[in-house]
Amino acid sequence: MAGVYDFVPAVALLPFLAFVVSLFAGEYMPKRGAEAGIIATAGSLALSVWTLLTVAGITGPATSFNENLYTWVAGGEGAVTLNFGILVDPLSALMLVIVSLIAFLVHVFSLGYMNDEGETGLPRYYAGLGLFSASMLAFVFSNNLLMAFMFFELVGLCSYLLIGFWFREAAPPSAAKKAFLVTRFGDYFFLIGVVGVFATFGTGLFAPVEGAETLASFPELAEEALAGSAEEAGVNTFGYDPGTWFTILGLLVLGGVVGKSAQFPLHTWLPDAMEGPTPVSALIHAATMVAAGVYLVARMYGFYALSPTALAVIALIGGFTALFAATMGVVKQELKQVLAYSTISQYGYMMLALGAGGYTAAVFHLTTHAVFKALLFLGAGSVIIAMHHEENMWTMGGLRDRMPVTYYTFLSGSLALAGIVPFAGFWSKDEVLFEALIHGLGSEGAIGTLLLVGYAMGLVAVFFTAFYTFRMVFLTFHGEPRTDTARDPEPVRWNVKGPLTVLGIGAATVGFINMVPVAEVTGREIDYLHKWLAHGDISVTTTEHYGELLHTFAGVDPAELGPVAPGAVSLVLALAGVGAAWKLYNVPDPEEHTDKLGGAKTVLMHNYYLDEFQVWLATGVTVPLARAADKFDQGVVDGVVNGISSVSLFGGSRFRRIQSGVVTNYATLMTLSLVLLLVVFVVAGGVV
Amino acid sequence: MAILSEFYLLLSAAVFSIGLYGILTRSNALVFLMSVELMLNAANINLVAFSFHYGNVTGQVFSLFTMALAAAEVAIGIGIVLVLYRNFEDIDVTKAATMRW
Amino acid sequence: MSNPWIAIGALALVAVVIPVSMLTMSRLLRPSVPEQGKRAVYESGEVPTGDTRIRFNIQYYMVALLFVVFDIETVLIFPWTVIYRDAVANVGLARVLLPMLAFIGVLVVALAWAWRNGAVRWVRSPRTTAQRVDRKS
Amino acid sequence: MVVEIGGFAVADWVTLAPTLVLVAASLLVFLIDTVEPRPGSSSNAVLAAVTTVGSLLAFLVAGYLLVVGVGQERVTGPVSMFNGQLVVDGMSLFFVVIVGSVTALVALASYDYLAGEAYQAEYYALVLLAATGMSLMASANSLATAFVCLELSSLPSYALVAFYKDNRGSVEASLKYFLVGALSSSVLVYGISLVYAASGRLQFGAVAEQLGARPEFAGVLGVGVVMVLLGFAFKTASVPFHFWAPEAYEGAPAPVSAFLSSASKAAGFVLAFRLFLTAFPEVGGLAGGDPAVDWVVAVQVLAVVTMFVGNFAAATQEKVKRMLAYSSVGHAGYVLIGLAAISAPDSGFVLGASMMHLLVYGFMNTGAFLFVALAEQWGIGRTFQDFNGLSTQAPLACAAMTVFLFSLAGLPIGGGFISKLYLLAATAKAGTWLLGAALIVNSALSLYYYSRVVKAMWFEEPDGTVEIESYPTSLYAAVVIAAVATVVLLPAFGLLSPSAFNAASGLF
């Protein structure tokens, strides 16, 4: 079968080629390797769009593609065969476009952020970006779990290299190490999960491979095992009840997801990762590393849909993370820190949607979030260039008039993030909450209740999201400039404005692909994404199939409820958040009141009291809550991680003491252990 | 009458234990070597005795090899003890303890 | 129930008891006169010189090593000689002789190497030569 | 008495050709030194070349025999010779491949490492003799030959560790290695004598036949089996007979450390595999039924303890070489899984996973130690701090070292990833969850201490006092070859693993 699918490997190979070229020839190129990356990602983008069109049936009949390309480890008899293969279905085709688009724009933006700023070591930077894009793209079209795992790991490695790009400073290397180790911690669970899946099913395929002999996929096998008996499906559940066992496997894989997608409690690496260059942050947050986790759940959704427990865990983790991270975003002072927490929070929404059976909603939010979060990060990057790498928002202010392009695009992204109609984030976040609500209402038993709990947390988070987003916007762009740098910011060039404009328009419009409330009200069929994901050549990866699975195995059903009222509720909350931020921060000089406190006159004092009062009113609950959350984060979660490592090191320092250096002691220890073994295995073992 | 094989086992175990005792209590490298020789010869006792017990010569031939190897081992060992003395001015095995942990 | 070991045990007991009792008796009876001369090293009537622990020349070690080489050779050749005749009769000369020649060949290579590298050369260090001169004068 | 190799009928002992090549090479080294006992530098090159070519030839011949199927089920079945004292089959050839490749790398690296040293002929001869012993260990099929081969590889190793006879570290290392080794070999030979006492046989198959499932002298046999197990624990540097390893690897010349920690360990393992699986399968309960001597559980205990002791002690080291030494102990624990999880339904897979891990380990660990050799050659010191900023001066070598370390940790950058994955799968198949958990916990920990080296090399500031002056060619070549092999083993794993699995299945 010739056609576009033969070129799909090139989607990942092109950036990989760029990696090689930048690494070895970057020094000799005028832009230090950026050319290679831009051309390669542009090529990937073109191929991805072509693929998308093919899958959509615009260039011909709608098709999907799933084949093994290269047999990597042909196991002996009874052993597992590991393949490299490609799976292109509506989900992966969509994701390919998103990833390659963001990667392309980030490359262009880097010209402005890195080259124009005169950074050194750029070939290494562009090589890293190329490998990062390549591994993410390959991860997206992986057709089996092990291949996915390998590229998942490679994505982690690249993030390590890029976050630690400025390795001569103190903070980035440690942030890089933290990112690497925390995600690795999750990945070890993932690895056990992978091995478990292979041991259980003998295959890691996401979807069946058609051919001379159809190879079954593991979600299908799991489904058969649950429907019938495990032996018939050829599934070894190691003596557990299949349902229990699949839940265990799902939760193990979820460990990797929680690490990569920065979900509670493994989210700690993400705010630190802000130490990396801003375009890298954009790439990590919008399209690659963090998205990888959520994408993986969506990819093997046919497996998760079988286990109500796993779904409930996903939903709860998601809802809790959404709320928890949003409250912490409220007290942060640095632009990128706010964005970091917003990312954690938004991925929490996606997890909530996945857990609540809102597969489409999750993919939708993944899409819109990719666009507006890339936009916000690039906008922040633009601000940072302008402010000469000063990131504290309290030193900014009034940038609206001095950098209008950045301001309006950033505003577009903020409106999307806050969820204000009609920007992209509104539609997707609304749908996430809507799905959580209707499935929570419609499902029987504990899972319904848990989904409603998740919904409640997500709903509250909407308010905080809007609040911190606009606090950020007002502090940065509105009011009077608070420092000299802010009065005279450095101008940015086309290579910054271009990507911003593209994404700014995208953030305003990408939500139109799936306007469910509008579709409901007007009765017109404009929920394109629903239709897109509902059908496909590979029937087991469609939402129709997932719906059946959810109904049959997990007992998750939607209730009859119109989307308009819940949408209105979340919109009102979002507007309330924006209003609160407006009241507190959209004043000429939000901080000056407090600064002049010492020698202030009565009127100012009065203003101050008012201000303080308002602050207390609005944040009286929030700040302690946020502080508590922050404290919990740094004290308990970090403490546990640090505790484990120090216990290991302590244990190590004890173990090494055995090695006393005196050979007679060794002889004694050897003799003792010989005697011990003899006693245990010969005498106690009943041989004598 | 033939002596029961179990007694040979006891004898060899005793010789082995004496060798082990020497290793554990003495710090002189040469005494260490002698103790190892005792332990190897304990094995030889077993081999020869059970060769007789089973009526095949396998054990006896193997004990020849063991003796040869024991001699080779001692040759190497004395060489090491010599360089030990050259570097540490002593053949006390507990003195050479600069590398540890 | 006449276990032959009882007799051996009794014999062993007697063998231990007699010397121990004699030593004990003499210790009880003898007078104790500690004296310097009793503790001196006996060297065939000569006046003892130096310590009892004298150091041997390191080169004896090489000789000892060479001895070990030939010793092992003998130990391993011995069983072969015992069955040589029968083996030749059974499987033919080549299969009996050639492996042993290979074995000895390896040892010969080692011996030639050791010889050539000075294992059997008796080196006189300047110090020993000097001592000898001292003693003569 | 006659076997067929690639269409030619030859005498059975020809299948031992790889070992014979090593013997011939060592005799040749002796002859060269006999002709010219006080060698100039030209003859040093000849000695190194003879050693490298000899071991490479052994590697290639073994590889060829493996490929044409000598000694394997698909052609002739195991070639047994000298009344079953030696056997050539897939497993023995597989391990000769490991030993040959490691020896070749070490010999190549030694040329530069030993530049200017006296007694080079002795060094190469000892390396080759030890390699002979190791390759013969892979074929040993009787307790007698096993012990002889073991000593043939151990005795030159003691001398090699003491090669720097005026260096206190080297001598101390050798002393400890020798004393622990002497004690271990006497324990081993006593164990052998007890097994002989219980069975009256020394040849592995005959021992199994004689013992049956319910041996007469079960107590004697039990003591013997445990002692034999510990004797092998010495050779493979497993707890509790691992005490020599950190000191010996630290004090020895770095190429010797590489040689001992890779080849010697592999040889110890192949002998342990063959002995326990062909001589004690029924007493261990592998044929079903109650085990008379439950050595499988004993190995499981040793495996877990070895992993923990090795990795935890490695985590707190200050010297890179000693860290690698401890990590080598930890890896012995991983490989022990092959025996510990042997009760799995698919034991060929379990054992094959261990064999593949040893193969990959041969390259990555040798490479890591050779990098340390390079660092010693540069005289930059031994601690982690001394490696700071090394990448600015030697990026190629540092990149290679990064590959080795990450592959050792099990990241998907080298073959170590898949072999560890297979080991994990093996524990899953056997249902020995504790082993799997220990493997994972220790891998996670190992990443910590391996990445300390990587961090020092790439992320730390150089202190600026050390200038690297020379870039020794052969040492560099050896490091780079090992790195390439490590990386290539990731995609090429699938080409080699079937032969490992088949070879492993041949033992059952």
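Q: What is the handedness of the crossing of α17(A) and α21(A)?
A: The crossing of these two helices is left-handed. This is a predicted model, and the handedness is computed from its atoms.

Q: At what angle do they pack, and how far apart are the axes?
A: Helix α17 (residues 404-418) of chain A and helix α21 (residues 494-509) of chain A pack at about 30°. Their axes lie 9 Å apart.

Q: Which residues make that contact?
A: From α17(A), the contact is made by Val405(A), Thr406(A), Tyr408(A), Thr409(A), Ser412(A), Gly413(A) and Ala416(A). From α21(A), Lys497(A), Leu500(A), Thr501(A), Leu503(A), Gly504(A), Ala507(A) and Ala508(A) take part.

Q: And how do the residues of that contact divide by class?
A: Seven are nonpolar, six are polar and one is charged.

Q: Staying in chain A, where is Phe463(A) found?
A: Phe463(A) is found in helix α19 (residues 445-477) of chain A.

Q: Why does Phe463(A) count as buried?
A: Phe463(A) is buried because 22 other C-beta atoms lie within 10 Å, and the cut-off for a buried residue is 20 or more.

Q: What is Phe463(A) in contact with, leaving aside its neighbours within four places in sequence?
A: Phe463(A) is then in contact with Leu573(A), Ala576(A) and Gly577(A). As a separate point, Phe463(A) and Ala326(A) are 137 residues apart in sequence, yet their C-alpha atoms are 8.9 Å apart in space.

Q: Moving to the interfaces: how many residues of chain D and chain A are in contact?
A: On the chain D side there are 49 residues, in contact with 43 residues of chain A.

Q: Which helices of chain D each supply at least two residues of that side?
A: They are α6 (168-199), α8 (218-235), α11 (295-315), α13 (347-378), α15 (416-430), α16 (433-458) and α18 (493-505) of chain D. By class, the side of chain D that touches chain A has 37 nonpolar, eight polar and four charged residues.

Q: What about chain B against chain A; how many residues does the contact take?
A: The contact takes ten residues from chain B and eleven from chain A. The side of chain B that touches chain A divides into seven nonpolar, two polar and one charged.

Q: Back to chain D. Where is Val293(D) placed?
A: Val293(D) is in the loop between α10 (254-278) and α11 of chain D. Val293(D) and Glu282(D) are eleven residues apart in sequence and 9.2 Å apart in space, C-alpha to C-alpha.

Q: In what sense do strands β1 and β2 of chain D pair?
A: Strand β1 (residues 2-5) and strand β2 (residues 8-11) of chain D pair in the antiparallel sense over four bridges. For example, Glu4(D) has Ala9(D) in β2(D) as its bridge partner. The two strands form a hairpin with two residues between them, and Gly6(D) in the turn has a positive phi of about 55°.

Q: Last topic: how many helices and strands does chain C have?
A: Chain C has five helices and zero strands. Buried residues make up 1% of its 137 residues.

Q: What pLDDT does chain C average, and which of its elements has the lowest mean?
A: Chain C averages a pLDDT of 79, and 83% of the residues score at least 70.

Conventions: Residues numbered from 1 in each chain as written. Chains lettered and ligands numbered in written order. Predicted model: local features only at pLDDT ≥ 70, side-chain atom pairs only at ≥ 80, totals over all residues. pLDDT = per-residue confidence, 0-100. Contact = placed C-beta atoms within 7 Å. Nonpolar A, V, L, I, M, F, W, Y, C, P; charged D, E, K, R; others polar. Buried ≥ 20, exposed ≤ 12 C-beta atoms within 10 Å, placed from the backbone. Axes fitted to C-alpha atoms, helices over the stretch in contact; angles between N-to-C directions. Left-handed = near helix turned anticlockwise from the far one by under 90°. Pairing = 2+ DSSP bridges.
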